[in-house]
Amino acid sequence: MPTPNLVIRGPRVVLPDSIAPASIHVVDDKIAAISSYDNVPEGCKLIDADDESLVMAGLVDTHVHINEPGRTAWEGFATATRAAAAGGVTTLVDMPLNSIPPTTTVTGFREKLAAANGKCSVDVGFWGGVVPGNNSELAALSAAGVVGFKCFLIHSGVDEFPNVTEDDLRVALPELSRLGALLIVHAEVPGPIARAGISAAAAGTNNEVNTNKDFCPTQYATFLASRPRAAEDEAVALTIKLSSEFGARVHVVHHSSADSLGLLRDAKAAGIRITAETCPHYLSFAAEEIPDRATEYKCCPPIRERDNREQLWTALGDGTIDMVVSDHSPCPPEMKLRETGDFLQAWGGISSLQLRLPAVWTESKRRGFSLDDVARWLCSAPAKLVGLGGRKGLIAEGYDADLIIWNPTKQFRVEGEQLEHRHKLTPYQGRLLAGVVEKTFLRGRKIYDNGEFIGEPCGLLLV
Ligand SMILES: [Zn+2]
């Protein structure tokens, strides 16, 4: 075996089956061996993690809206991937919408790749999109390297990425099955939202709705009532039905409704090829605690009640929900309408790319979950989702040397201004979190060290 260029070792290394003292031998950009703590070949560079810190695989975040090109003022590849590096995320996957053009055609995908080229501090993969009428693009997008395809079952928030109906999916799914491609679904349908009747803006539809109801748009409860659980529950049921019918692999993004966890559980037990993710905000916050006018908490589907949150934790614990990803969904702060505090008109989306590890760890610890659970939810499960399970998300021989050293006991108070996200408004403002990322290594290169970014961006485009 060649002499390693680098050895990273620590008394607590998060390995696939244990947390143990170990030294990780890195040759070029790969993990060449996991060895005993004391096995450090002479002459090679050594990085020692201290007693308090953990060495863990770099995080994989498969739900990130970067918005470049076209809406780079919202976020961009340079800023997002710096935030990723600072948050211990070594691989992220960009969503196909909010950029202009969206990634629904090969031409659009090429523009996205050109925009990303040379700007990324971490490795970046890409989702394609399924929209009405782009069936003829799916094979070419897949061949060009998208990791799978996203669709919306309700208005996406941007007109250039229209939602699909069941009929559209009946056209797309045979093609996706033929390609062996994964379909990820924004699982809310318009019916229950229209029936809730709390403004067309909140419904995100052009349907005629009853706006005569007595509601106050600056109260969170109004927004919550406008996006009922039934919208998710019906969408999850439809997704399961279509997956079963077409034998397609499907994944529910940012799942929030506790009422459809039973459907997911039963579908999995029945062998349907379905997985699900949730997000740090659904696991951290509760509707009852969101102040009036605090539109930084608005996202779709919404943050729900405390009891709903605890059921999401149970579902993570029993494997009904497979992973936790950020759904980093930025916008300029003006679009959050903090001046008026109007939840129904404000843009929905929460940015937490940099905070995912401490946010999830802080709440996991409180509920008795282990570091292994956290590593699975944040690293290996998302890597596997996008076909990178043999290369990223684990500390194992032959894997990319994407590694972080972080201190799980050290606490810090979130200051939006200190985040690397392009825009700093965050519902985590002032929150005390445990878990500080000290060093981030991307394929064997140190890219982040206690607040400092090292070297030029060297992230790969994973296509
Ligand atoms: Zn999203």
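Is histidine 63 buried or exposed? I looked this up before anything else. Histidine 63 is buried, at a relative accessible area of 0%. I note that I am working from a predicted model.

**Confidence**

I checked the pLDDT next. The protein chain averages 95, and 97% of the residues score at least 70. Over residues 200-212 the pLDDT is below 50, and this stretch has 23 contacts in the model beyond near neighbours in sequence. Where pLDDT is low, the predicted coordinates should not be read in detail. I left those contacts alone.

**Zinc site**

I listed the protein donors of the zinc ion: His63 through NE2, His65 through NE2 and Asp327 through OD. They lie 2.1 to 2.3 Å from the ion. Along the chain the donors follow the spacing H-x1-H-x261-D. Histidine 63 sits in strand E6 (residues 59-64), while aspartate 327 is in the loop between strand E14 (323-324) and helix H12 (356-366), so the pair ties together parts 264 residues apart in sequence. I looked up the accessibility of aspartate 327 as well: it is buried, with a relative accessible area of 8%.

**Threonine 62**

I then turned to threonine 62, which also lies in strand E6. Threonine 62 counts as buried because its relative accessibility is 1%, and the cut-off for buried is under 20%.

**Threonine 104 and helix H2**

I located threonine 104 in the loop between strand E7 (89-94) and helix H2 (106-116). Threonine 104 is buried, with a relative accessible area of 7%. Its contacts, apart from neighbours within four places in sequence, are Gly129, Val131, Asn134, Glu137, Leu141 and Phe161.

For H2 I recorded the buried residues as Val106, Gly108, Phe109, Lys112, Leu113, Ala115 and Ala116. What covers them includes helix H1 (77-86), E7, strand E8 (123-126) and helix H3 (135-144). Glycine 118 follows H2, and its phi is positive, near 85°.

**Parallel sheet**

I traced an open sheet of 6 strands in the order E9-E10-E11-E12-E13-E14, with parallel pairing. Strand E9 (128-129) and E14 stand at the edges with a single partner strand each, so one side of each has no neighbour in the sheet. Within the sheet, E12 and E13 pair in the parallel sense over 3 bridges. I looked for the bridge partner of valine 252 and found alanine 276 in E13. Helix H8 lies across strand E11 (183-186), E12 and E13, and runs at about 170° to E12.

**Helix H9**

Which residues of helix H9 (residues 261-269) are buried? I found Leu261, Leu264 and Ala267. Seen down the axis of H9, these buried residues fall within an arc of 130°, so they line one face of the helix. An α-helix has 3.6 residues a turn, so residues three or four places apart point the same way. The face of H9 turned away from the buried side carries Asp266 and Ala269, which are exposed. I noted what covers the buried residues of H9: the cover includes helix H8 (229-246), strand E12 (250-252), strand E13 (274-278) and helix H11 (306-317). After H9 comes glycine 271, with a positive phi near 85°.

Key:
Residues numbered from 1 in each chain as written. Predicted model: local features only at pLDDT ≥ 70, side-chain atom pairs only at ≥ 80, totals over all residues. Heavy atoms only, no water. Donors = N, O, S within 2.8 Å, 3.2 Å for Na, K, Ca; no water. Helix = DSSP H or I, 4+ residues; strand = E, 2+ residues; numbered from the N terminus. Buried < 20%, exposed > 50% of the residue type's maximum accessible area, 1.4 Å probe, protein only. Arc of directions from axis to C-beta. Contact = heavy atoms within 4.5 Å. Pairing = 2+ DSSP bridges. Axes fitted to C-alpha atoms, helices over the stretch in contact; angles between N-to-C directions. pLDDT = per-residue confidence, 0-100.
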